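The sequence and the structure are shown first, and the description follows.

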Amino acid sequence: METLRLDLHIHTTYSIDGRSKPEDYVRAAKAKGFDGLAITDHDAVGGIKRAEEEGDRLGVLVIPGIEVSTVQGHIIVLGTRELFPSRTPAIEVVEMAKSAGGTMVVAHPYRSYTGVGEEVTFSLDPRIIEIYNGHTGERANRMAGDLARKLSCSMTGGSDAHHSRELGNAYTQVDSEPDVENILDALLRGRSRAVLEEVAPPVFE
Ligand SMILES: [Zn+2]
Ligand SMILES: [Zn+2]
């Protein structure tokens, strides 16, 4: 068993507001000594394959995923290549994600406008909450950590990078074998720790 360093929240040019190509993030991960990253574009999955190809070349793990814009706010689904409908109630997206075998992470629950908020988080009965988001203020991150502890959820961190230089601003340490299935299992079992290095200016997407 190793401890892997993984940035679990990344936006590429396949997101409406992402500015770096999928392969740029994989190269940045390699350069910064990360074991892997999750591609979580806004309502898009087109960048996954490109990232995986570069990942295979460089020996960087790529976890497929998506950040879905639900009616109430953003939900990340890891371990999926499926496109879930946006502007759909969060509970329905979560049910669809479960049926598809995806692993749900409540992203930045307390961020204004795009966080699902406390009440919805409770209603989704989550197993994993992102407690450090690299584009979310200190207070909202702290509240996310408090909520995760209250609900006995596993905790993750992700940079929410919209440019490859932001990769690793926040990340997750996971005690796992280096493959996607084992990593997602380790996350669900709480064998993870969130790390915050730096917060970039807010984004509103
Ligand atoms: Zn988001
Ligand atoms: Zn995001």
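## A helix pair

In helix H3, Ala90, Ile91 and Val94 meet Val120, Ser123 and Leu124 of helix H4. Two residues are in contact when their C-beta atoms, placed from the backbone, lie within 7 Å. The residues of this contact comprise 5 nonpolar, 1 polar and no charged; Ala, Val, Leu, Ile, Met, Phe, Trp, Tyr, Cys and Pro count as nonpolar, Asp, Glu, Lys and Arg as charged, and the others, Gly among them, as polar.

The axes of H3 (residues 90-99) and H4 (residues 117-124) come within 10 Å and cross at roughly 35 degrees. These axes are lines fitted to C-alpha atoms over the stretch in contact, with angles running from 0 to 180 degrees between N-to-C directions. The crossing of H3 and H4 is right-handed, that is, the near helix is turned clockwise from the far one by less than a right angle.

## Basis of the model

This is a predicted model, in which local features need pLDDT of at least 70 and side-chain atom pairs count only at pLDDT 80 or more, while totals for chains, interfaces and linings use all residues. Residues are numbered from 1 along each chain as its sequence is written, and chains are lettered from A and ligands numbered from 1 in the order in which they are written.

## Overall form

The protein chain contains 6 helices and 9 strands, taken as DSSP runs (H or I, at least four residues, for helices; E, at least two, for strands) numbered from the N terminus. Its C-alpha trace spans about 45 × 35 × 35 Å along the principal axes. Buried residues make up 54% of the 205 residues; a residue is buried if 20 or more other C-beta atoms lie within 10 Å of its own, exposed if 12 or fewer, and partly exposed in between.

## The nonpolar core

The largest nonpolar core has 54 residues, of which Leu37, Ile75 and Val77 touch the most other members. Strand S3 (residues 61-69) gives the most to this core, with 5 residues. Such a core is a set of buried Ala, Val, Leu, Ile, Met, Phe, Trp, Tyr and Cys residues joined through C-beta atoms within 7 Å.

## Two loop residues

Asp43 has a positive phi, near 50 degrees, and lies in the loop between strand S2 (36-39) and helix H2 (47-58). Asp43 counts as partly exposed because it has 17 C-beta neighbours inside 10 Å.

Tyr113 has a positive phi near 70 degrees and is placed in the loop between strand S5 (103-106) and H4. Tyr113 counts as exposed, with 9 C-beta neighbours inside 10 Å.
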